[in-house]
Amino acid sequence: MSHTSNRTISDAVTAETIATSGSIAPEAVARYAIGLGDDALILAQRLGEWIAHAPELEEDVALGNIALDQLGHARSFLSYASSAWEKTEDDLAYFRDESEFRNRQLFEQPNGDFAQTIARQLVASLYFQALYNALCQSTDQTLAAIAAKAIKEVDYHVDHSVQWLMRLGLGTEFSRERMQHGLNSVWAFVAELFSNDPLTANLEGIAVDPQTLQEEFDRLVKKAIAEAGLTVPTVPAARGGGRAGIHTEFLGPLLAEMQVLARAHPGATW
Amino acid sequence: MSGTKTAITDESSLDEAGAARFAELLANDQRVEPTDWMPEGYRKTLIRQISQHAHSEIIGMQPEGNWITRAPSLKRKAILMAKVQDEAGHGLYLYSAAQTLGIDRETMFEQLITGAAKYSSIFNYPTPTWADMGSIGWLVDGAAICNQVPLCRASYGPYGRAMVRICKEESFHQRQGFEILLHLMRGTEAQRAMAQESVNRWYAPALMMFGPPDDDSPNSRQSMDWNIKRFSNDELRQRFVDMLVPQAEILGVTLPDPHIKWNEERGHFDFGELDWAEFHEVLAGNGPANTIRVARRRQAHEDGAWVREAARAYADARMTEKIAS
Amino acid sequence: MTSPGDFGGRETWPLWEVFVRSSRGLSHVHAGSLHAPDETMAVRNARDLYTRRAEGISIWVVRASDITASDPDARGSFFESPQGKEYRHATYYTESDSVPHL
């Protein structure tokens, strides 16, 4: 049996390094970090549902990598947030109820078919890219470090979704239809990403005001969709409210599944 | 096949020279490469074995994928996701190795989703509890590693190379499974019961992964002569049991076989007879999850067809554009 | 002939061979193969498949059908010439064995 490791020594920030660093998040920062962590966690959970069901084996591995990146970001944010109340990332992930989750509603939307997942990925990754680019400048060093690690990974997620957007948009007549349908399905949840975020209040210089990200997002997403021969949907925006704990009917079942085992054994370690 | 060859050689003398060269390679324990002459039986055996191995990796994603969304901690979720992802990668490496023998992946997929091909029957058992993630890692991957390490020296080059990569990547799979069980055994009473119950279910099927007893394994001799297989089924099974017993002690779980006993004379642990009737039932496709596993695979493949075709159409159109410009 | 495993247009996605440079100063080495619709996706799939554990800093992909290989049946004559020309190797020159820095 060989235990050779290819692991190179890395100084990448992870949930583990944050948990052991002893840095304590101020409560307002922690509440903000929960929102960011929930966005990434819920998306990772959705992407995890794809594994073993992707259109091709190579894509199983690709989606798995993206899900693992997202899960890594979620763990870092939640680990940092949990330090404010002497809790752990798992306390936050597994023992909060639906109304306590602060993710934007886009991320809880179901996978749909591959095109719908790509549409959600396109929006999500362009949003994350703009957000983490700005968050790298945060005066909170932990948030800045998490963003600096995440941004490199998210750049790749943008590329992945744009490549597929092009192939589905310009592939066959059927794939073009599916891709347009996918965009239409997720578009109602785009506006919420850039709406005022109550969790950023009083965190000037630390948190990123999402309203400042919209212009860059709009420019890039319009360009990508046009290049794929598709149309930017014009659908009414959903009411939003994810940051205030208001969710679509899809989050409840997702959390029920995610939390079922941990909650059946409160206090247990795994 | 075009090339730089100028000499005119007739086919039969080429075959004869090829056969002699093949025998010489095996005798010197050297590797056979895709373009070498090889007996049809060798080629067929390898295609069957490697593709079955690939199918097992792909089907094996399901019993564990089943728990990704419910993993009880975020760390375990990440580990499990990485592991299931590795299995997709391993299936892929193996399909590529089989492909060098003259069969394309699409054909192998077809054989899998029509039920024509076999895969390791272990993956037809369901995974009702989280502890099964531990048992699969410790027992199933443990048995797989015992089987696979000697395959790194299989006479067919591409197979051996794929196995080297797979064994390297899999070294974490068994450890993470062991650690899942270790945490359960150190946990609450309910967790300990969950671990023991799971080990009870997986122990015998894991031992059966090495295949039927040597007296009842018709193809083994030929595979050993071809340097594909290096140790017999029973040898590997014994080696595995010898490793398990002390590991079970560290875990604090009981292996569900009252006949396990150190045999000073043999220098090995004795163990009880396995229920081969059940093995043949599961192998014949009557396992608890056989139909579900194959149906899921088929659905993923069919649902993905339009995506694969779209990407192909996009590539073809771009190629045409390139040529036109 | 091309690389083994190439089936021309029979598969939906063609086969690609992947070469990975593991660190600066080393050559790209054949790592394995994969399926991808085109070169753009092939290099991405290769990144996801063959560098998940930080095995690489650079990747080449080439369509299996674009590889030209020496003829396996002519191997004997093709690679015979170097045999018997040991004088191309330093080890052939034994009289200078004990001379320093040579």
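Helices here are DSSP runs of H or I with at least four residues, numbered from the N terminus, while axes are lines fitted to C-alpha atoms, for helices over the stretch in contact, and angles run from 0 to 180 degrees between N-to-C directions. This is a predicted model, in which local features need pLDDT of at least 70 and side-chain atom pairs count only at pLDDT 80 or more, whereas totals for chains, interfaces and linings use all residues. Residues are numbered from 1 along each chain as its sequence is written, chains are lettered from A and ligands numbered from 1 in the order in which they are written, and side-chain values use heavy atoms, with hydrogens and water left out.

On these terms, helix H3 of chain A (residues 57-82) packs with helix H4 of chain B (residues 74-99) at an angle of about 165°, their axes lying 9 Å apart. H3(A) is therefore roughly antiparallel to H4(B), a description that applies to angles over 145 degrees. The two helices cross in a left-handed sense, meaning that the near helix is turned anticlockwise from the far one by less than a right angle. Contact is taken as heavy atoms within 4.5 Å, and residues including Val61(A), Leu68(A) and Leu71(A) in H3(A) meet residues of H4(B), among them Met81(B), Ala88(B) and Leu92(B). The residues of this contact comprise 13 nonpolar, four polar and five charged, where Ala, Val, Leu, Ile, Met, Phe, Trp, Tyr, Cys and Pro count as nonpolar, Asp, Glu, Lys and Arg as charged, and the others, Gly among them, as polar.

The contact between chain A and chain B draws 54 residues from chain A and 50 residues from chain B. Together they bury about 4,500 Å², 68% of it on carbon and sulfur atoms; buried area is the accessible area (1.4 Å probe) that two parts lose on being put together, summed over both.

Two salt bridges are counted between chain A and chain B, each being a side-chain nitrogen of Lys or Arg within 4 Å of a carboxyl oxygen of Asp or Glu. Arg105(B) and Glu56(A) form a salt bridge through their side chains, at 3.2 Å from N to O.

Between chain C and chain B, about 2,800 Å² is buried, with carbon and sulfur atoms giving 52%, and the count is seven salt bridges. Arg53(C) pairs with Glu169(B) in a salt bridge at 3.5 Å, N to O.

Conventions. Angles under 35 degrees count as roughly parallel, over 145 as roughly antiparallel, 65 to 115 as roughly perpendicular and the rest as oblique.
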